[in-house]
Amino acid sequence: MASDPLYINDNIVIAGWELTEQFVLAGGPGGQNVNKVSTAVQLFFNVQASPALSDRIKANALKIAGKRASKEGVLMIEASRFRSQERNREDARERLKELILKAAEPPPPPRKKTKPTRGSVERRLKEKSGRGEIKKLRGRPAGD
């Protein structure tokens, strides 16, 4: 169990009891240390059941998480970048923080519809009629 609370920003704090950590063997470089010590960290966070997040943030977080989230809404972040367990713990918590910050961003403002300018409409129509004239000239000559 991760006992320290995770501070996301001034409004969002994830309690320590909501985070579960599991340590597993990591692959890659590291020599005997990799074969003996469980340095990789799997951080589990139940996004759906979290009282710290609003419904909008929960939905955005699950969308951003993609395959890292289960059908029940549990997010798993695996960190094995570093050779020490402590640095991998910090890395996993930092990545969770970044994901939730991204989910908490306000939606972009709605797009304002614009009308084409009079000049651009006239140029488009002039080009259309010019193209039609070129195509008319491709036809058979009129029998005089």
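This report describes the sheet and the nonpolar core of a predicted model.

Residues are numbered from 1 along each chain as its sequence is written. Because the model is predicted, local features need pLDDT of at least 70 and side-chain atom pairs count only at pLDDT 80 or more, whereas totals for chains, interfaces and linings use all residues, and side-chain values use heavy atoms, without hydrogens and water.

| Residue | Opposite residue |
|---|---|
| T20 | F44 in β4 |
| F45 | L75 in β5 |

Six bridges join β3 (residues 19–24) to β4, and six join β4 to β5 (residues 74–79). Five of the seven residues of β4 (residues 40–46) are buried, so β4 is largely enclosed by the rest of the structure; buried means under 20% relative accessible area with a 1.4 Å probe, protein chains only.

**Core.** The largest nonpolar core has 23 residues, and I14, F45, L96 and I100 have the most contacts inside it. Such a core is a set of buried Ala, Val, Leu, Ile, Met, Phe, Trp, Tyr and Cys residues joined through side-chain atoms within 4.5 Å. The largest share, six residues, comes from α3. Leaving aside neighbours within four places in sequence, L96 is in contact (heavy atoms within 4.5 Å) with L6, I14, L19, L43, F45, L75 and I77.

How values were computed: Buried means under 20% relative accessible area, exposed over 50%, partly exposed in between (1.4 Å probe, protein chains only). Helices (H or I, at least four residues) and strands (E, at least two) are DSSP runs, numbered from the N terminus. Two strands pair if DSSP finds at least two bridges between them.
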